[in-house]
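Here is a walk through one structure, with the sequence and model to look at as you read. Grab a viewer and follow along.

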Amino acid sequence: MALSFKLLENVFLSSKCHRQNALHPFCGPLLTNCISKLYSSYRRPGTSPDNTPLWKMNFSFENGVDWIKKNFGLLKKELVDHVKGPEGRGFEEYFLEQTRVVWEFRSQKDLDEWVVSSDAEIGGKSEAYLKLGKNNQTALLFGTLSTEAPRDGETGYSGYCAIRAKLLKGAFDTKKYYDWSNFNSLYLRVRGDGRPWMINIYTDPYYSHQKDDLYTYFMFTRGGPYWQEITIPFSKFFLSSWGRIQDDQYPLWLDKISSVGFTLGDKADGPFQLEIDFIGLLNDRAHTEEFAYEKYERNPKA
Amino acid sequence: MNCVRKLLLARELSARPGVLRQLAPGLDLLRLQGSSCAQRFWPVPVRSHSKFTPAVKGDQEKDGESRDGSLVPLEELFDRACKGERNKAAFTRAVELFCQRDVRRRGHIEFIYAALQKMPQFGVERELDVYNKILDVFPKEVFVPRNFIQRMFNHYPRQQECGIHVLEQMENYGIMPDNQTKFLLLQIFGAKSHPVRKYQRLMYWFPKFKHVNPYPVPVPLPQEPIDLARISLQRIAADLSAKVTVYQMPLTDILDSGKEITQPHIVGIQSPDQQELLAHHNPDRPVFVEGPFPLWLKKTCVYYYVLRGELLPPGEKGEMLDSERNFYYPMHLDLDLDRGPWDDEEFDVDEAEEGPIFAMCMAGAGDQATLAKWILGLQQNNPILSQTPVVFHLAPGPRELLAASDSEPGEEEIPQSRRAQQEC
């Protein structure tokens, strides 16, 4: 039993990035602080690597048992949902739905699904924080932006902050995706302070060469005390990679979306804030555009 | 083989423009000058290491050579040209000075990088003709590849990178290049080079994204505080029928006794919907003046104050219109003729609710006296304010929009009658 469990674990964990801690496949669930390495094994250049030997690490049997219970529970739920219908919802709901709420911010658990990052990772001076708003009804992303570039000899520009949804994980940490093929627009209810944000949609590509490709579009906030309802059709998102818009544009495929993020980088030093009420999807029947940009080859070889 | 070594050497030399390294033994540059190598590169005079000392005075300085052989730092070139005032004329004069002193434009890459860094200091970073003048510094037709080998190997890579940097600075400031830029780039680098490709990308994407902002900020932004307040209030009111009123103009008065009185400006806005909401407000409940909240317009941050009521619990909401009150015609129509009955665009979520907003204003100073003047001004059109207690929730610095409604420092409740006495 233990052997088969270990094999299962290895099979599922081998699909993860191979850059992770080598000890992880064998005793991952037993380590108390293994979760922090799950999403990113990025180590900021200049910081020392975490080389605690095996005998110093904290093993916890309770964590292991919790992990087993949680994952088998998720596995059972997945199997049951598969029988019920796509993603656990019935067929009527799946075929007739025109709106869906994907993320709403009503508790700390909802906030934990998002990761906040900023300039500080590369040595800049911006700060960004995420907290619940008044009456626990909204999420407030606030902080300060600073365009002072870090003096490490290679960075030219700086001053950004971003928030990104965590990747969906199924039973035993398998990769799961959002399937938004029923919809054609993104609906956001936000209240900003007039700053222009960018929305990024991460789709998981088949080839690892394309793992940095990103579909982005702008979100212009009006500012002011009134809530702003923004609808952005998915046909408007353009393909970019590493912050550069690509020459060859392709429409966004909605069936394998891994996460969504917001970025602020408008080169204005100072405090910012953005309140998000909820993020939803909309099937706008009046929107018939397939793709907003031309798909022909931009620089033909001839 | 020999040609490849020469190419590598040429690449090495062009890679380190500011510092002349000691040449590898066995390679004589003067011999290479007359070789039949296809690539043409600068005939660099051979110097020994000891004579050359790079003067590093700061981040921006790189060395350039003048005809008489002395090393003139580029920093000095800009200082000499500006003669005190830093403006566009001085900058163009500096660029012309550089172009005039050498027909081969030695050290043009360092000069262009230094010029790009100096542009914000001279205030010319948004001028297209200055960028064209900088691109003019490149010698023409030298970097255009002439055969397939040159086209294959990134011809003059440092110069192409420099051209790309110029275009990237234009892109960062949002300046659209024009025909002259295109002709210059074609003349300098040829049709399929990286700078020309970047120019083509700029010309493709900039027009697409120029008008994508549904709430555009006027360019240039007015400096007058009243005009700025008017524009920003109209923006945040989100209602085209809202009216902007100037309650007080900014005034700096010197009394006879020599004391200076400054009056900050107060500009307020209220739309008919807000007026109606305020008219229906229960005078027993207080209204709150909250602020200051930040509003960003490109790079300027302005602050506004809000007059709002508190959110009523569902039991105390105003009387809903009874749909059966009138049988002859509907009192309240909510027809959305764009959509049919099969379209259901409601979201299954309780939206965050807040109290109604009655008016907004922007003032030069955020103290209670100024805002009290605003409330008095609002009373002209909303007589109910004379009976409603007004609570001031003012923070010393800008606050989040959803501030907690518990007692904060700076809160004061003044019934209207007492304030009216104070004013008199």
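## A helix with a buried side

In H10(B), the buried residues are B:Pro195, B:Val196, B:Arg197, B:Lys198, B:Tyr199, B:Leu202, B:Tyr204, B:Trp205, B:Phe206 and B:Phe209. Here, buried means under 20% relative accessible area, exposed means over 50%, and partly exposed is in between (1.4 Å probe, protein chains only). On the chain A side, these buried residues pack against E10, strand E12 (238-241) and E13, and on the chain B side against helix H8 (157-172) and helix H9 (179-189). Contact here is heavy atoms within 4.5 Å.

Helix H10 of chain B covers residues 194-209, 16 residues in all, and spans 22 Å from first C-alpha to last, close to the 22 Å expected at 1.5 Å a residue. That expected span is 1.5 Å times one less than the number of residues. Helices (H or I, at least four residues) and strands (E, at least two) are DSSP runs, numbered from the N terminus.

## How to read the model

This is a predicted model, where local features need pLDDT of at least 70, side-chain atom pairs count only at pLDDT 80 or more, and totals for chains, interfaces and linings use all residues. Residues are numbered from 1 along each chain as its sequence is written, chains are lettered from A and ligands numbered from 1 in the order in which they are written, and side-chain values use heavy atoms, with hydrogens and water left out.

## The sheet in chain A

Chain A has an open sheet of seven strands with antiparallel pairing, in the order E2-E5-E14-E9-E10-E12-E13. Strand E2 (114-118) and strand E13 (244-245) sit at the edges with a single partner strand each, so one side of each has no neighbour in the sheet. Two strands pair if DSSP finds at least two bridges between them.

Zoom in on strand E9 (residues 196-203) and strand E10 (residues 213-220) of chain A: they run antiparallel, joined by six bridges. A:Pro196 stands opposite A:Phe220 in E10(A).

## Salt bridges

Across all chains, the whole structure has 29 salt bridges, each a side-chain nitrogen of Lys or Arg within 4 Å of a carboxyl oxygen of Asp or Glu. One of them joins A:Asp204 and A:Lys175, with the closest N and O atoms 3.5 Å apart. This pair links distant parts of the chain, 29 residues apart: A:Asp204 is in the loop between E9 and E10 of chain A, and A:Lys175 is in strand E7 (residues 175-176) of chain A. A:Asp204 is partly exposed at 23% relative accessibility, while A:Lys175 is exposed at 51%.

What does A:Arg189 meet in a salt bridge? One partner is A:Glu229 (3.3 Å, N to O). A:Arg189 is in strand E8 (residues 185-191) of chain A and A:Glu229 in strand E11 (residues 228-233) of chain A, so the pair ties together parts 40 residues apart in sequence. A:Arg189 is buried at 7% relative accessibility, whereas A:Glu229 is partly exposed at 44%. B:Glu351 also forms a salt bridge with A:Arg189 (3.6 Å, N to O). B:Glu351 lies in the loop between strand E8 (300-309) and strand E9 (357-363) of chain B, so this pair joins two chains. A network of salt bridges links A:Arg106, A:Arg189, A:Glu229, A:Asp277 and B:Glu351.
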